[in-house]
Amino acid sequence: MSTGEQAAIARARALGVLHDAAIGDRLVVRAHHGDGAQDALGDLVARTPATVTIATRRGPVEVRLDDVVAAKPVPPPPPARAPRR
């Protein structure tokens, strides 16, 4: 299997994950932008036919589905630790 075929399979799986995810599900989404990639980790807060919006710690990130190369569900963040003394 070629690298291009593997990438196409990963993209198809990612789009399936995004299609099946419910609003509020925690996801990580990787999208290519020009020469680089960007990961968005957080809760799915909106979906349109062309985009998904992920609420990250730094604020909402809108990701174009055309740019998505990978996506998967992730578990909730661990609970906050008690402060050290």
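Two strands pair if DSSP finds at least two bridges between them. With that in hand, here are the close-up views, all taken from a predicted model.

**View 1. Strands E1 and E2 pair in the antiparallel sense.** To find your bearings, look for Arg30, which stands opposite Asp39 of E2.

**View 2. The open sheet holds 5 strands.** Read across the sheet, the order is E4-E3-E2-E1-E5, with antiparallel pairing. Strand E4 (59-64) and strand E5 (68-73) are at the edges; each has a single partner strand, so one side of each has no neighbour in the sheet. From one strand to the next, the twist averages 40°. Strands of a sheet pair through backbone hydrogen bonds, in either a parallel or an antiparallel way.

**View 3. Helix H1 packs on the sheet.** H1 spans residues 3-20 and touches E1, E2, E3 and E5. The direction of H1 makes about 50° with that of E5.

**View 4. Strand E3 is largely enclosed by the rest of the structure.** How many of the 6 residues of E3 are buried? The count is 5, so the strand is largely enclosed. E3 takes in residues 51-56. On one side, E3 runs antiparallel to E2, joined by 4 bridges; here Ala46 has Thr53 of E3 as its bridge partner. E2 and E3 form a hairpin, with 3 residues between them. E3 also runs antiparallel to E4, this time through 6 bridges, and Thr51 has Arg64 of E4 as its bridge partner. The hairpin from E3 to E4 passes through 2 residues.

**View 5. Asp67 sits in the loop between E4 and E5.** Is Asp67 buried or exposed? Its relative accessible area is 17%, and buried means under 20%, so Asp67 counts as buried. Setting aside neighbours within four places in sequence, Asp67 is in contact with Arg30, Ala31, His32 and His33.

**View 6. Pro73 belongs to strand E5.** Pro73 has a relative accessible area of 55%; because exposed means over 50%, Pro73 is classed as exposed. Which residues does Pro73 touch, not counting those up to four places away in sequence? They are Val17, Arg26 and Leu27. The C-alpha atom of Pro73 is separated by 9.9 Å from that of Ala14, although the two residues are 59 apart along the chain.

**View 7. The whole protein has 1 helix and 5 strands.** Starting from the N terminus, the elements run α-β-β-β-β-β. The C-alpha atoms fill a box of roughly 55 × 30 × 25 Å along the principal axes. Of the 85 residues, 25% count as buried. Among contacts with a separation of 6 or more, 43% come from residues 24 or more positions apart. The protein exposes about 6400 Å², and carbon and sulfur atoms supply 54% of that area. For charges, look for 12 positive and 9 negative side chains; the centres of the two sets lie 13 Å apart.

Conventions. Residues are numbered from 1 along each chain as its sequence is written. This is a predicted model: local features need pLDDT of at least 70, side-chain atom pairs count only at pLDDT 80 or more; totals for chains, interfaces and linings use all residues. Side-chain values use heavy atoms; hydrogens and water are left out. Axes are lines fitted to C-alpha atoms, for helices over the stretch in contact, and angles run from 0 to 180 degrees between N-to-C directions. Contact means heavy atoms within 4.5 Å. Buried means under 20% relative accessible area, exposed over 50%, partly exposed in between (1.4 Å probe, protein chains only). Accessible areas come from the Shrake-Rupley method with a 1.4 Å probe; for residues, only the protein chains shown count as cover. Lys and Arg count as positive and Asp and Glu as negative; His and the chain ends are not counted. The place of a charge is taken as NZ of Lys, CZ of Arg, CG of Asp or CD of Glu.
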